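User: Hi, I have a structure open and need a hand reading it. Can we go through it bit by bit?
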Amino acid sequence: MAEVTLEAQPVPPWAVKSIEEIAAADIIIGILADLSQNEMAQVCTDLGTLTGNPRIVVLQKHPTASAAQVGDSEPKVQPEGASSENSSASLWVVPWNLQEPEMPSPLATFATACSSLFAAGEKLGVRGCCVVVSNLEYAPPKWVCRLAEPLLDNSFDFVAPRYAVRKFEGLLNNSIIARLTRSLYGRRLQSPMGPDFGVSLSLVQDLSNGNSRNRDGIDGGNLLASLAPRTACENLRVCQTYLGARRNPPADSAAVSSLLSQVLGPVFSNMETNAACWQRVRNSTPVRTLNQTQAIPQQPRTVEVGHSVNSFQQGVRDLQDIWGLVLPPATLLELRKLSRAAAEQHHFPDELWVRIIYDFALAHRLRAINREHLLHSFTPLYLGWLASYARQVEGAGPAAVEERFERLAGVYEAEKPYLVSRWRWPDRFNP
Amino acid sequence: MWQQVRQALNQSTTDFITRLARLLPGFVALAIALVISLVAAWIIAAIVRRLLIGIRFDSRLERWGASSLAEWSPRRSPALLVSAMVACAIVVTGLLIGVAAFNSEITSVFVRSVFAYVPNIVGAIIVLFVGAIVARFVARSVLIGAVNLNLGYARLLSMGAKWLVIVLTVAMALVHLKIAAGIVELAFGILFGGIVFALALAVGLGSKELVTRSLARDTKKPPVEVLEEPFRHL
């Protein structure tokens, strides 16, 4: 079965000179987030406090510089404000040119950035690579060190992020990705797909040494989706660390469909690749959490779910023929009953939701219909579940929201035998 | 005189029997060719049927979007339809070989023209098959896209797109078969243009109410920036 691999990329030409001058490092950190000068200075100061005299290279996104300008700039040796007597680390900041106009999507840009980061890391012989993508708020002190330290200690292979819980944020992750990863691979990670994470060089090399390319191609979605499954299946050391709250950009409701396609496609492809592994997993276990989550102020919001319910109802009305190729008749009947309820009484049972996820994963594997059609047709179902969830948690606090997701995770695990039996014997029931 | 009459009768009878005798081998050859082709058709059709059932031809065809073929097939099985078509082709070939055995110029020309037309038929069938698959793909793409955009007339758009592709495909197949090519091109132009014009009128004028209602639904919604957009998916 094809696996997700990283193609070994050459170090970009504009970075070759800087990398050669540095020669060797203990850790490399790629910062894709738009950090202000003060924030960047704080990051450098925090990194300077790491113990053990590590040599740290920071690749900082330099969006306005042309490649020529970036190639000509000298790497900074010490950030402003860091005292060379007090800091135990050696720090280089290398501008990182990521302007790739021909990239089709942000995920493609992310994949290219990671490839160049890992190539530079391998050349420098680092112990680990960190990627910082998110703009964080309520970040704990020295949050960047929380990603780097477990790799410098050689204690872990994959450092996953843990963010503050906000009830209407990270919904795709909370409703599907994290719960599915927990059910399939037995690892209770809050954010298995990052996007901020740290990996050991051995894991990077493991990804690079795969035998063949994933037939869906290497892109950012594939990379993020394969990290947690790969570490679980190969029994690598995983931990998660609290980084604060992500500052998410506003969601464009029209782009939900393409977002689902970009995220769920690689997740389902990984299920196919790692089928032999996840079918053996029986229960999930907690993952070592290095830092405690902190409570943050919640933003009170009034939620209007009418639009989502309308989308769901229209999907049930117009997409029956397509869903009929994917979902069993009992599920279709339940969806029809659900669509007849008013918006105020809209309730999407978790058991139904989980079975639908599993059925779509199976249909993705069997190519029951064109995969793009399959993933795009999932949108009304996702919006239907969102509407139901929003009604349930409207007045709930963070603890209640966590409990809500914990219940959902339990249903994912309880329904796993359904997935396993349908996966092994798809012909026993064929819509 | 009676002797001459007897002679003329004997002569015509002899000529007729001679001509009949010349045709007899042709008839025998035709009969033998038909029998052999019937037997070969039965055997090959059975092999083709088993092969297609073995590779799950019916379900694969449905997945590729050609499920409408099942409606025209005996016992709703495209595999049976294909095997029947293979059998018919073999029998027709045997018939043509038998007819060619008469060794007459007219029959030879007829057989040659039939064989020369076979590639056109094959090409037209391929065009129709591919067109049906493309029509189904386009219809699904338009339907899913329109539903995700919350367009109330998603099914209408999808059906319109599907029939546009089908009309185009049928016109291409008829031109390939060289059946009244000029009339087909003209009819296609009128029909295709008419469908596009009708769709444009339906969206612009004919379904003004539908569009008005659809737009009114959008404008009546409260500002989504504040209320609807608390959802962050990633």
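Analyst: Let's start with one residue. Met193(A) lies in the loop between strand E7 (187-188) and E8 of chain A. Keep in mind that this is a predicted model.

User: Is Met193(A) buried or exposed?
Analyst: Met193(A) is buried, because its relative accessible area is 13% and buried means under 20%.

User: How far is Met193(A) from Arg422(A), C-alpha to C-alpha?
Analyst: Their C-alpha atoms are separated by 26 Å. Along the chain, the two residues are 229 apart.

User: Let's zoom out. How many helices and strands does chain A have?
Analyst: Chain A has 18 helices and 11 strands.

User: And what share of chain A is buried?
Analyst: Of its 431 residues, 59% are buried. The accessible surface of chain A is about 17400 Å². Carbon and sulfur atoms account for 49% of that surface.

User: What about contacts in chain A between residues at least 6 apart in sequence: what share joins residues at least 24 apart?
Analyst: That share is 84%.

User: New topic, rings. How many aromatic pairs are there over all chains?
Analyst: There are 11. One of them joins Phe158(A) and Phe197(A). Their centres are 6.5 Å apart, the planes make an angle of 55°, and the pair is tilted.

User: Where do those two sit in the chain?
Analyst: Phe158(A) is in strand E6 (residues 158-163), and Phe197(A) is in strand E8 (residues 197-200). They are 39 residues apart, so the pair links distant parts of the chain.

User: What kind of pair do Phe168(A) and Tyr389(A) make?
Analyst: An edge-to-face one, 6.5 Å centre to centre, with 90° between the planes. Phe168(A) is in the loop between E6 and helix H6 (171-185).

User: Which aromatic cluster holds Phe168(A) and Tyr389(A)?
Analyst: One that also includes Phe312(A), Phe348(A), Trp353(A), Phe360(A), Phe378(A), Trp385(A) and Phe405(A).

User: Which ring does the charged end of Arg355(A) sit over?
Analyst: The ring of Tyr418(A), 4.3 Å from its centre. Arg246(A) also has its charged end over a ring, that of Tyr163(A), 5.6 Å from the centre.

User: Now helices. What span should H14 of chain A have?
Analyst: It has 17 residues (350-366), so at 1.5 Å a residue it should span 24 Å. Its end C-alpha atoms are 24 Å apart, which agrees.

User: How many residues of H14(A) are buried?
Analyst: 13 of its 17, so the helix is mostly covered. Just after H14(A), Arg367(A) takes a positive phi of about 55°.

User: And helix H1 of chain B, what span should that one have?
Analyst: Its 53 residues (2-54) should span 78 Å at 1.5 Å a residue. The end C-alpha atoms are 76 Å apart, which agrees.

User: Where does H1(B) bend?
Analyst: At Leu23(B), by about 30°. A proline, Pro25(B), follows within four residues.

User: Which residues of H1(B) are buried?
Analyst: They are Gly26(B), Leu30(B), Ala33(B), Ser37(B), Ala41(B), Ala45(B) and Leu52(B).

User: What follows H1(B)?
Analyst: Arg56(B), with a positive phi near 55°.

How values were computed:
Residues numbered from 1 in each chain as written. Chains lettered and ligands numbered in written order. Predicted model: local features only at pLDDT ≥ 70, side-chain atom pairs only at ≥ 80, totals over all residues. Heavy atoms only, no water. Buried < 20%, exposed > 50% of the residue type's maximum accessible area, 1.4 Å probe, protein only. Contact = heavy atoms within 4.5 Å. Areas by Shrake-Rupley, 256 points an atom, 1.4 Å probe, with all protein chains shown as cover. Phe/Tyr/Trp six-rings, centres within 6.5 Å; stacked < 30°, edge-to-face > 60°. Lys NZ or Arg CZ within 6 Å of the ring centre and 35° of its normal. Expected span 1.5 Å × (residues − 1). Bend = angle between axes of the 7 residues up to and from the residue.
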